[in-house]
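Let's take a friendly walk through one model, with an eye on its helices and rings. Please have a look at the structure first.

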Amino acid sequence: MCLVRTQTRYFKVMVLSEQEVLRSVYTICEHEKLSIETKNNLKGYLFTVVITLLGGFLFGPNGFVIGGIIGGYTAYKKAYTIKPASEVLPEMSEHERHLLCQMYSKVFRGVSVITAATLLTMIRNNRSYYLEILYFIRFFITSKLRLKVNN
């Protein structure tokens, strides 16, 4: 608990932990069925190299060409996978989590009392908060994490 002073009054404000903030973000992502396009470049490179070498060993010089074409095409098709946002967001680095929590708390600047138990209820009951949080989550994923949001 901490006291926040406005011009005339003091309000008690519950300081939310990062886990509570992240849990509310994950819940909203699940509710909206947000999905994120992730890149698998390293897997694609390795797959292309393995198929190219395998083609070269089996069919000689022409096998390198055939293996490179087949491996490259398959890697291109598998380069992007779509996962639910509630699975991708927990894989963020510690710095990204901290940044998310800082930015998330700025959305609730004008609210005098927030407890962890009433946070999701408040967001779901107030359409403007809900849309603002949803916009914030999309903004964070696209600008800070540099991932594409599908919905």
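## Rings and a helix face

Phe140 is buried, as its relative accessible area is 1%; buried here means under 20% relative accessible area, exposed over 50% and partly exposed in between, with a 1.4 Å probe and protein chains only. This is a predicted model, in which local features need pLDDT of at least 70 and side-chain atom pairs count only at pLDDT 80 or more, while totals for chains, interfaces and linings use all residues. Residues are numbered from 1 along each chain as its sequence is written, and side-chain values use heavy atoms, with hydrogens and water left out.

Phe136 is buried too, at 7% relative accessibility. Both Phe136 and Phe140 belong to helix H7 (residues 127–144), where they sit 4 residues apart, about one turn of the helix. Helices are DSSP runs of H or I with at least four residues, numbered from the N terminus, and strands are runs of E with at least two.

| Residue | Relative accessible area |
|---|---|
| Phe136 | 7% |
| Phe140 | 1% |

How many aromatic pairs does the structure hold? There are 2. In one, the ring centres of Phe136 and Phe140 are 6.2 Å apart and the planes meet at 40 degrees, so this pair is tilted. Rings of Phe, Tyr and Trp (its six-membered ring) pair if their centres lie within 6.5 Å; planes under 30 degrees apart count as stacked, over 60 as edge-to-face and the rest as tilted. Ring pairs join Tyr104, Phe136 and Phe140 in a cluster.

Beyond its neighbours within four places in sequence, Phe136 is in contact (heavy atoms within 4.5 Å) with Leu100, Met103 and Tyr104. Met103 and Phe136 are 33 residues apart in sequence, yet their C-alpha atoms are 8.5 Å apart.

Now to helix H2. Its buried residues are Gly44, Thr52, Gly55 and Gly56. Viewed down the axis of H2, these buried residues fall within an arc of 100 degrees, so they line one face of the helix; the arc is that of the directions from the helix axis to the C-beta atoms. Helix H3 (61–77) is included in what covers the buried residues of H2. On the other side of H2, the exposed residues are Leu42, Lys43, Leu46, Val50, Phe57 and Leu58. Just after H2 comes Gly60, with a positive phi of about 75 degrees.
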